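Please look over the sequence and the structure shown below before reading on. The briefing that follows takes up a few topics in turn.

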Amino acid sequence: MNKYEKQDIQELPSEYRPLGAWGYYGYKLLFSLPIIGFIALIVCALGNSNINRRSFARSYFCAVVIDIILVALLIFAFYPYIIQWLQALAEMLGFSAQ
């Protein structure tokens, strides 16, 4: 990046400044935390302090929703096999299924 591009970025209002690669990496790590990350995800997705951060949070939220739907569909599709596997595991560990 040359000095003119850096100068143009510095002149942008804070809500339009781009995030760096480490910024995206840091937000991805933050959003992957179980409870605190989900709260931060919602706050960033609904906030208006930086458009790039808001768009990243919204895309991450969409990916989380798609993941949840896919896992639910897989559990529903393979439910009989999961129950059979759990019963076999319980017998192997010595638990009686009554």
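**The nonpolar core**

The largest nonpolar core has 10 residues, namely Leu19, Tyr27, Phe31, Ala40, Leu41, Cys44, Ala45, Phe56, Ala57 and Tyr60; a nonpolar core is a set of buried Ala, Val, Leu, Ile, Met, Phe, Trp, Tyr and Cys residues joined through side-chain atoms within 4.5 Å. The model is predicted, and local features need pLDDT of at least 70, side-chain atom pairs count only at pLDDT 80 or more, and totals for chains, interfaces and linings use all residues. Residues are numbered from 1 along each chain as its sequence is written, and side-chain values use heavy atoms, with hydrogens and water left out.

- At least two residues of this core are supplied by each of α2, α3 and α4 (51–77), where helices are DSSP runs (H or I, at least four residues) numbered from the N terminus.
- Helix α3 gives the largest share of this core, four residues.
- Once its neighbours within four places in sequence are left aside, Ala57 is in contact with Phe31, Leu41, Cys44 and Ala45, contact meaning heavy atoms within 4.5 Å.

**Packing of α2 with α3**

- Helix α2 (residues 21–31) packs with helix α3 (residues 36–46) at an angle of about 125°, and their axes are 7 Å apart; axes are lines fitted to C-alpha atoms, for helices over the stretch in contact, and angles run from 0 to 180 degrees between N-to-C directions.
- That angle makes α2 oblique to α3, because angles under 35 degrees count as roughly parallel, over 145 as roughly antiparallel, 65 to 115 as roughly perpendicular and the rest as oblique.
- On the α2 side the contact is made by Tyr27, Leu30 and Phe31, and on the α3 side by Gly37, Phe38, Ala40, Leu41 and Cys44.

**The cysteines**

- Zero disulfides are found in a search of the whole structure, a disulfide being a pair of cysteine sulfur atoms within 2.5 Å.
- The closest cysteine sulfur to that of Cys44 is in Cys62, 15 Å away, which is too far for a bond.
- Cys44 counts as buried at 14% relative accessibility, whereas Cys62, at 44%, counts as partly exposed; buried means under 20% relative accessible area, exposed over 50%, and partly exposed in between (1.4 Å probe, protein chains only).

**Gln7 and Leu86**

- Gln7 lies in helix α1 (residues 3–11) and is partly exposed, with a relative accessible area of 43%.
- Between Gln7 and Leu86 there are 79 residues of separation in sequence and 61 Å in space, C-alpha to C-alpha.
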